[in-house]
Each structure stands twice: as C-alpha cells, then as structure tokens.
Amino acid sequence: MTNDMISAVTTENPVSSAEPGEPRISSRTRLVNAGLSVLLLVVVLGVLEAVSRSGLVSILLVPPPSAIFSTLWGGLTSGIYWLPLFDSLWAGFSGFLIAALLGFTIGGLLASLPRLERILFPYVVAFQSTPMIAIAPLIIIWVGFGIQSKIVVVTVVCFFPILVNTLQGLRLRDRDRQELAIALGATRWQVFRYIRLPGSMPYVFAGLHVSAIFALIGAIVAEFVGARGGIGTMMNEQRALFNVPGVFAILIILMVVGLTVNLLMKALERRVTFWSREKN
Amino acid sequence: MKTNRPTDPILTVENLSKSYSGSTDPGALVLSSVNLSIAKSEFVSIIGPSGCGKTTLMKICAGLLSKSGGTVSFAGKAGTPPPSKMGVVFQSAALLPWRTVLANIMLPATIQHADMDKARQRARELLDMLNLKNIESKYPWELSGGMQQRVSIARSLVLEPEVLFMDEPFGALDAMTREKLNLDLQDIHTRTGATIMFVTHNISEAVFLSDRIVAMAARPGRIADIIDVDLGRPRTQDSYVDEDFREIETRVRNSFDRAAALA
C-alpha cells in the first residue's frame with residue numbers, strides 16, 4: 001500500500017520518467033529536455049576548457065576542467081578527501097539532529113503555550129531574519145576550534161528554520177477539523193496527536209529540508225572561520241596553496257553531497273507527507 | 001402545537017437564544033426563543049433561508065457552539081448529547097488526508113478509546129451499507145466528493161450514536177449523487193433507528209427524508225412553521241412525483257417563501 005502511495009505521488013512529479021498513463025509526447029519532451037541539460041553542461045565545460053587552454057586567461061585562475069577532474073580523480077583514488085569529508089558531514093549531521101530535536105520540541109511547546117509564543121515571537125523573527133551564519137566566528141571564540149564548535153554553528157543555523165516552520169504548521173487552524181474534534185470529544189492532547197501534529201508535517205518537513213542544506217553550509221563556514229579539520233579546512237588550505245583545481249575539486253564534491261542531501265530529504269518528505277501534495 | 005411536542009423526546013430545545021454581539025436587541029439575535037422537541041428515531045429537517053440560524057441551531061444542539069440563553073436537554077437531562085452518543089456530519093467531509101478511509105472512519109473509536117475490533121467490524125459493515133466496497137485502504141483525496149461525504153457519514157455512525165447531526169451534508173454534491181445519498185441515508189435511518197437532525201436548504205430533499213420539517217425565518221432566527229411529513233416509508237425515487245409528496249413540498253415552499261418575505 002505504501003508503495004502504491006509512492007507511485008501515486010511520483011505520477012504527479014514532473015521529474016519522474018514516463019508513466020504508463022502519461023501522454024507519450026510529454027515523456028519524449030522530458031527526454032529531450034534531459035538531453036539538452038547534458039548538452040549544456042558539455043558545451044560549458046568545452047568552452048571553459050578551450051578558454052583555459054587558449055591562454056586568454058591565466059591557467060592559474062581558471063584551470064581547464066580536465067585538470068580539475070584529474071585532480072579530483074587523483075584525490076578520490078588516494079583517499080585524501082574521505083576523512084575530512086566524514087568530519088564535516090558528521091558535524092553537519094549531529095548539529096542538524098540537535099537542531100531538529102530542539103526546534104521541533106520548542107516549536108511544539110510554544111504552539112501549545114500561545115501566550116509565551118506571543119512574547120517570544122518578535123525575537124524568533126529577529127533571529128530568523130539575521131543571517132545566523134554571521135555568528136560563526138563568535139561561536140569559534142566561545143566554544144573553541146574542535147568539532148564541538150562546528151556542531152554548535154550548525155545547530156544555531158538549522159534551529160530557526162525548523163522552529164519557525166514547526167510553529168507555522170502547528171498554528172494552522174482548520175475550522176472543520178476543530179469542530180470535528182469537539183464533536184468527537186477529543187482532549188487537547190488528542191487534538192495535538194491526531195490532528196495538529198500530522199497536519200503540521202508538510203511544514204515541519206519544509207523546515208527540515210531547508211535546514212539540511214544549511215547544515216552543510218554551517219559546517220563548511222565554521223571550518224572557514226577557524227574550526228579544525230573537515231573538508232572546509234582542506235579547501236582553505238588548497239586556496240592558500242593557490243591550488244585552484246584542488247579548490248574546484250572540493251567544490252564538486254560539495255555539490256554532489258548537497259545534491260544527495262537534497263534528494264534524501266525530498267524522498268523522506270515525500271514518504272511522510274505523501275498526502276499533502278495530493279490534497280489540493 | 002401538538003406536532004412540536006412528541007411524547008418521548010430525546011432532544012429538547014427550550015427558549016433557546018443566541019447572539020454573537022452580546023446585545024439584547026432582538027434584531028441582532030441569531031436565534032430567538034426557539035422551542036423544539038425531537039422524538040427518538042425521528043428524522044427532523046431544519047430548513048430556511050440563509051442567515052436564519054439553522055446551522056447555528058444544529059451546532060448548539062450538538063455542543064459545537066455556545067448558547068446565549070435557554071436550555072438544550074438530551075434524554076431528559078440538561079446539556080447536549082455526550083460525544084459517545086452523537087455523530088456529526090459537516091458540510092465538508094472533513095476527512096484527515098493522512099489517514100486511510102478505514103482509519104478515518106475509526107477516528108471516533110480511537111479518540112474515545114472504544115473497542116477497536118468491534119469498531120473495525122462496524123466500520124466494514126458501514127462501508128458495505130454505504131456502497132463503499134474495496135476502498136478502505138484508499139486515501140480521502142483519491143475519492144470523489146460524493147464518496148468522501150459517504151466516508152464522513154460512516155465515520156459519524158461508527159460508534160452507533162443515538163443522535164446524528166447533519167449540516168447540509170450534500171450541499172456541495174451534484175443532483176444525481178445527492179439523490180443516491182438521500183436513498184442511502186434513508187436506509188441508514190431505518191436500519192440504525194438513530195435520531196437525525198438534518199440541516200438543508202433543499203426542499204425536496206427535506207420532504208424526501210424527514211418525518212417533520214422545521215421551517216425557520218431570519219432576523220431574528222426563529223421557527224416559522226413545523227410541517228409533518230406523513231408519507232409512508234421506504235420512499236423511493238418515484239416518491240418525488242407522488243401527489244402527496246408534491247403537496248407537502250408546496251406547503252414547505254410556502255412556509256419557506258413566507259419566512260423569506262418576512263426577512
């Protein structure tokens with residue numbers, strides 16, 4: 001049944017490949033579009049390669065893609081990326097989990113204590129409007145150069161989107177559902193457990209999705225501004241050595257990681273909130 | 001008025017009033033001195049122009065809205081029916097999209113810690129009764145509007161309530177679906193013996209379903225007329241063209257028009 005659900009959802013999803021029920025033209029158009037996307041990449045890489053080799057710009061500043069990929073390949077086979085990458089991902093993951101736990105719990109608490117929420121809300125908005133990443137240097141000063149400071153930075157960066165989205169989701173008041181709850185004689189806890197909490201999930205997951213990307217950014221920036229270890233530190237070292245292909249190679253790794261995180265979150269989101277896209 | 005006083009009322013409304021502003025100006029009253037008794041197993045429709053307070057009356061009787069004055073009593077005791085003894089069907093199906101059809105129908109049992117096995121068995125019976133076969137593991141958004149409303153009716157009946165409150169449940173459905181659901185509802189009424197308070201603005205629907213029709217007038221919302229529907233049961237699709245049916249329909253329409261003219 002759950003599988004049926006997933007397939008039912010993918011039918012609605014424009015990136016999914018041809019479905020039996022879909023008109024043929026649209027699936028062909030999709031294939032053509034995918035082909036054009038790949039073609040664009042090939043053209044851009046080709047132009048970069050040509051420009052770089054022609055000597056119009058310094059090879060130091062714009063290395064040819066071929067050099068970047070050979071650096072990347074060399075790094076991957078020698079294994080130099082794995083430990084720092086794991087370091088950063090671990091910090092990002094732990095910070096994200098802590099933020100999710102805190103954001104969700106505090107969000108739930110504030111949603112059930114409307115008075116407290118009203119008092120705190122201006123500050124929540126203020127913090128959410130501040131680029132929290134900017135306090136990363138301060139956190140390094142307070143917490144030190146170890147992995148702890150990275151985790152704290154990630155937590156701080158991820159916390160507010162999760163909190164605000166949870167609050168927003170739990171604050172939804174559907175009149176019909178409220179009356180239904182009264183008619184059924186539901187207690188406050190039951191209303192929360194059976195109606196408000198599940199109903200808030202699309203919002204909560206939107207927050208988690210944004211935060212998962214923020215977690216990666218948080219970890220890297222913490223490393224840029226002083227936290228030891230990790231792929232961000234490695235990138236910084238490559239930069240200091242003026243090894244531009246090395247910097248680009250790490251950027252490609254980060255891009256792949258970011259895409260993976262994005263896909264994972266999307267899959268998770270679709271699993272939990274399969275009903276929300278269909279509802280409308 | 002004899003028809004207003006059944007011998008064995010299960011639900012009684014006395015001198016009920018409702019105002020939102022708190023003012024005592026009679027024109028500002030949503031409901032003004034409403035008196036109504038409904039007998040056990042009786043099907044009563046509340047009909048009237050928009051703004052006459054018919055939904056408000058129903059919601060006060062169901063305990064969903066507070067009253068400003070008067071009393072509501074259920075089974076001889078002051079107060080609205082306890083949730084375990086009533087079911088409510090709303091204008092919208094109000095199903096939870098993350099729950100399957102069966103889980104939606106079971107929601108009242110879950111909330112009231114009822115015997116789940118018994119409720120599940122009852123839910124399946126209701127699915128059968130309401131022509132909802134093979135959809136118990138579907139989700140509400142996979143169903144048509146008519147089917148969603150059937151599911152919400154099944155939900156309201158899963159704990160075998162004594163009283164069923166229905167607030168224009170078929171208002172958003174097309175005429176064909178509506179007629180089918182009216183037949184099914186009549187069937188359910190006969191089989192369960194539940195007392196039903198049914199709010200509608202559709203006259204032939206009210207005549208088709210009811211034992212009595214309460215016609216309301218607006219500003220202030222009040223009962224303008226109560227019409228007995230002495231038509232045999234079961235009523236069928238042919239009943240709509242019966243002479244007796246048409247006659248009652250005309251009487252209700254006249255009350256309705258008078259009520260509308262007064263407002």
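1. At what angle do helix α4 and helix α10 of chain A pack? In this predicted model, α4 (residues 82-112) and α10 (residues 230-240) of chain A pack at about 130°, and their axes are 5 Å apart. Helices here are DSSP runs of H or I with at least four residues, strands are runs of E with at least two, and both are numbered from the N terminus. Axes are lines fitted to C-alpha atoms, for helices over the stretch in contact; angles run from 0 to 180 degrees between N-to-C directions. The angle makes α4(A) oblique to α10(A). Under 35 degrees counts as roughly parallel, over 145 as roughly antiparallel, 65 to 115 as roughly perpendicular, and the rest as oblique.

2. Ground rules. Residues are numbered from 1 along each chain as its sequence is written, and chains are lettered from A and ligands numbered from 1 in the order in which they are written. Because the model is predicted, local features need pLDDT of at least 70 and side-chain atom pairs count only at pLDDT 80 or more, while totals for chains, interfaces and linings use all residues.

3. Residues of the helix pair. From α4(A) come Pro84(A), Leu85(A), Asp87(A), Ser88(A) and Ala91(A). They meet Gly230(A), Ile231(A), Gly232(A), Thr233(A) and Met234(A) of α10(A). Contact means C-beta atoms, placed from the backbone, within 7 Å. By class, this contact has five nonpolar, four polar and one charged residue. Nonpolar covers Ala, Val, Leu, Ile, Met, Phe, Trp, Tyr, Cys and Pro; charged covers Asp, Glu, Lys and Arg; the others, Gly among them, are polar.

4. Annotated segments. The unreviewed UniProt entry marks "transmembrane region" in chain A at several stretches, including residues 31-48 and 89-113. Positions follow the numbering used here, feature names are shortened, and annotations may be inferred rather than shown by experiment. In the model, residues 31-48 of chain A are 100% helix and 0% strand, with end C-alpha atoms 26 Å apart. Residues 89-113 of chain A are 96% helix and 0% strand, with end C-alpha atoms 35 Å apart.

5. Interface. Chain B gives 19 residues to the contact and chain A gives 17. Helix α2 (residues 101-111) of chain B supplies the largest share of the chain B side, four residues. That side has 14 nonpolar, five polar and no charged residues.

6. Sheet in chain B. Six strands form an open, mixed sheet in the order β6-β7-β8-β3-β9-β10. Strands pair if DSSP finds at least two bridges between them. The edge strands of chain B are β6 (86-89) and β10, each pairing on one side only. Parallel strands β3 (residues 43-47) and β9 of chain B share four bridges. Val44(B) has Arg212(B) as its bridge partner in β9(B). Helix α4(B) lies across β6 and β7 of chain B, at about 165° to β6(B).

7. Backbone points to check. Most residues other than glycine have a negative phi, and most peptide bonds are trans. Asn131(B) has a positive phi of about 55°. It sits in the loop between α3 (116-129) and α4 (145-157) of chain B. Asn131(B) counts as exposed, with 12 C-beta neighbours inside 10 Å. The cut-offs are 20 or more other C-beta atoms within 10 Å for buried, 12 or fewer for exposed, and in between for partly exposed, with C-beta atoms placed from the backbone. Cis peptide bonds join Arg219(B) to Pro220(B) and Arg233(B) to Pro234(B).

Technical notes
Contact = placed C-beta atoms within 7 Å.
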